[in-house]
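Please examine the sequence and the model shown below. The briefing that follows is grouped by topic.

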Amino acid sequence: MSFEWERTRKLRLLLTGLVLVIGYPIIAVTGVVWTFSLPVAKVPLSLGVALAAGISALFGWVLGFSILLSQSYFRGGFFDAAGSRVLVRQALVLCISVVVMNAFSQAVLVLIISTSAERSSGPIALDAELVLYLVFMMIPMFMAGIGWWLMFRSVRPEPPRW
């Protein structure tokens, strides 16, 4: 492995990890605050929506740190492929955790909206703000998937070229 190959991989891992480490707290704070400003905020289950969104962002934040730490498998032109397998599995579990918790958060929000017709306060309409919130809360899932894919592509050793 050449030093240029190593430098390219390490830079990709650094940038991907930094985007996740910086981006997920911003998404978490925005998502939790936005949850309590939605029309569903009066429903007690909205606390579950905010909590699941926050836990999802926490898993994504840890995923960002594991991507940052994956740079340690590159040393002086050599790559520790055996050690990186554990990290790839760990990152996959974190990525799946982000997707599951985020999907749970959105499912609870959709449940609140769909069962609001029976409430005494009246039905909650699926307006533009709720749709925009649902789209915004899909961003962590895509970030986790792209981050894991970039990490997987970076720590996978290339076959030797003859």
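**Helix α1**

At 1.5 Å a residue, the 33 residues of helix α1 (residues 3–35) should span 48 Å, and the end C-alpha atoms of α1 are 47 Å apart, which agrees. The expected span is 1.5 Å times one less than the number of residues in the helix. Helices (H or I, at least four residues) and strands (E, at least two) are DSSP runs numbered from the N terminus.

The model is predicted: local features need pLDDT of at least 70, side-chain atom pairs count only at pLDDT 80 or more, and totals for chains, interfaces and linings use all residues. Residues are numbered from 1 along each chain as its sequence is written, and side-chain values use heavy atoms, with hydrogens and water left out.

**Kink and surface of α1**

- Helix α1 has a kink of about 25 degrees at Gly23, shortly before the proline Pro25; the bend at a residue is the angle between axes fitted to the seven residues ending there and the seven starting there.
- A nonpolar surface patch is formed by Leu11, Leu14, Leu15, Leu18, Ile22 and Ile26, which together have about 540 Å² of accessible area.
- Patches are made of residues with over 30% relative accessible area and no salt bridge, with like charges joined within 9 Å and nonpolar side chains (Val, Leu, Ile, Met, Phe, Trp, Tyr) within 5 Å.
- A salt bridge is a side-chain nitrogen of Lys or Arg within 4 Å of a carboxyl oxygen of Asp or Glu, and accessible areas come from the Shrake-Rupley method with a 1.4 Å probe, only the protein chains shown counting as cover for residues.
- Leu15 belongs to helix α1 and counts as partly exposed because its relative accessibility is 48%; buried means under 20% relative accessible area, exposed over 50%, and partly exposed in between (1.4 Å probe, protein chains only).

**Overall form**

- The protein has five helices and two strands, which follow the pattern α-α-β-β-α-α-α along the sequence.
- The radius of gyration of the protein is 20 Å, whereas a compact globule of 162 residues would have one near 15 Å; the radius is taken over C-alpha atoms, and the globule rule is 2.2 Å times the number of residues to the power 0.38.
- Along the principal axes, the C-alpha atoms fill a box of roughly 70 × 20 × 20 Å.
- Of the 162 residues, 43% count as buried.

**Two individual residues**

- Asp80 lies in the loop between β2 (78–79) and α3 (81–114), and Asp80 is partly exposed because its relative accessibility is 37%.
- Ser105 is located in helix α3 and is buried, with a relative accessible area of 1%.
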